[in-house]
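Subject: Structure handover

Hi there,

Here is the structure I promised to pass on to you. Have a look at it first, and then read on for my notes.

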Amino acid sequence: MEKSHENVEAFGWAARDTSGVLSPFNFSRRVTGEKDVQFKVRYCGICHSDLHQLNEWSNSIYPMVPGHEVVGVVTEVGSKVEKFKIGDKVGVGCLVGSCRKCENCDNDLENYCRDQIMTYNGVYTDGIPTYGGYSDIMVTNEHYVVHWPENLPMEAAPLLCAGITTYSPLRYYGLDKPGMHIGVVGLGGLGHMAMKFAKAFGTKVTVIM
């Protein structure tokens, strides 16, 4: 188990109870561990799952700092970090931890790990609740951090949840071939992403309302 450190000052917006109302929240992040990346949050998407977690589901941990479509710039890296350096643009999605030992983790399918740790409304290995991207800084193990393309606006942070949620099944089921005719049910957040990806793949897209 990792040793708990709570001495990096952070600021965010948190819900304190089932009202779901967000208010300013001063809290602490752990110091940057040897495999951690600390980054300044520049953008964070607003996902409907955030609203569910705030007060619509029964597993809420308060105070809660939502946000799992997080993009920022690296300000510090641990001594054993290999993939990132200060100044890199990075992103963090729905997960900040998993067991790293099961079959799913061994096959880069941490999202199926039974011991996955959510970016917020979870409990990290040090026993401290996880706080999300509605905040000024994040500290995350580099395994759960991705490089953000230099030519992609950081405002596109929702790609880290709504984006991958639609991109992955389109690719997995082979619905990415030019000339195919794809139907998308609904034009909400996910439907909007699915439509844009399918069009970019060269398919004909019909939105079903």
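Below is what turned up, grouped by topic.

First, the basis: this is a predicted model, in which local features need pLDDT of at least 70 and side-chain atom pairs count only at pLDDT 80 or more, while totals for chains, interfaces and linings use all residues. Residues are numbered from 1 along each chain as its sequence is written, and side-chain values use heavy atoms, with hydrogens and water left out.

**Salt bridges**

Side chains of opposite charge can pair when their charged atoms come close. A search of the whole structure gives seven salt bridges (a side-chain nitrogen of Lys or Arg within 4 Å of a carboxyl oxygen of Asp or Glu).

One of them pairs Glu142 with Lys35, with the closest N and O atoms 2.7 Å apart. Glu142 sits in the loop between strand E8 (137-141) and strand E9 (146-147), and Lys35 in the loop between strand E2 (22-29) and strand E3 (36-44), so this pair ties together parts that are 107 residues apart in sequence. Helices and strands here are DSSP runs numbered from the N terminus (helices are H or I with at least four residues, strands are E with at least two). Glu142 is buried, at 4% relative accessible area, whereas Lys35 is partly exposed, at 28%. For these words, buried means under 20% relative accessible area, exposed over 50%, and partly exposed in between (1.4 Å probe, protein chains only).

Another salt bridge joins Glu150 and Lys89, whose closest N and O atoms are 3.6 Å apart. Glu150 is in the loop between E9 and H3 and Lys89 is in strand E5 (residues 89-92), so the pair ties together parts that are 61 residues apart in sequence. Glu150 is exposed, with a relative accessible area of 60%, and Lys89 is partly exposed, with 23%.

Asp176 and Lys177 also meet in a salt bridge, at 2.7 Å from N to O. Asp176 counts as buried at 15% relative accessibility, while Lys177 is partly exposed at 42%. Arg171, Asp176 and Lys177 are linked in a network of salt bridges.

**A buried charge without a partner**

Glu69 is in the loop between helix H1 (48-55) and strand E4 (70-77). Glu69 is buried but has no salt bridge, and the nearest side chain of opposite charge, Arg29, is 15 Å away. (Lys and Arg count as positive, Asp and Glu as negative; His and the chain ends are not counted.) Leaving aside residues up to four places away in sequence, Glu69 touches several residues, among them Tyr43, Cys44, Cys47, Val92 and Cys161; contact means heavy atoms within 4.5 Å.

How do the axes of H3 and H4 meet? The axes of helix H3 (residues 162-172) and helix H4 (residues 189-200) come within 8 Å and cross at roughly 50°. Residues making the contact include Ala162, Thr166 and Leu170 of H3 and Leu190, Met193 and Phe197 of H4.

**Backbone details**

Tyr62 and Pro63 are joined by a cis peptide bond, with omega about -5°, and Pro63 is in the loop between H1 and E4. Arg100, which is not a glycine, has a positive phi near 65°; Arg100 lies in the loop between strand E6 (95-97) and helix H2 (103-106). Asp108 is not a glycine either, yet its phi is positive, at about 60°.

Best wishes

Definitions and conventions
Axes are lines fitted to C-alpha atoms, for helices over the stretch in contact, and angles run from 0 to 180 degrees between N-to-C directions.
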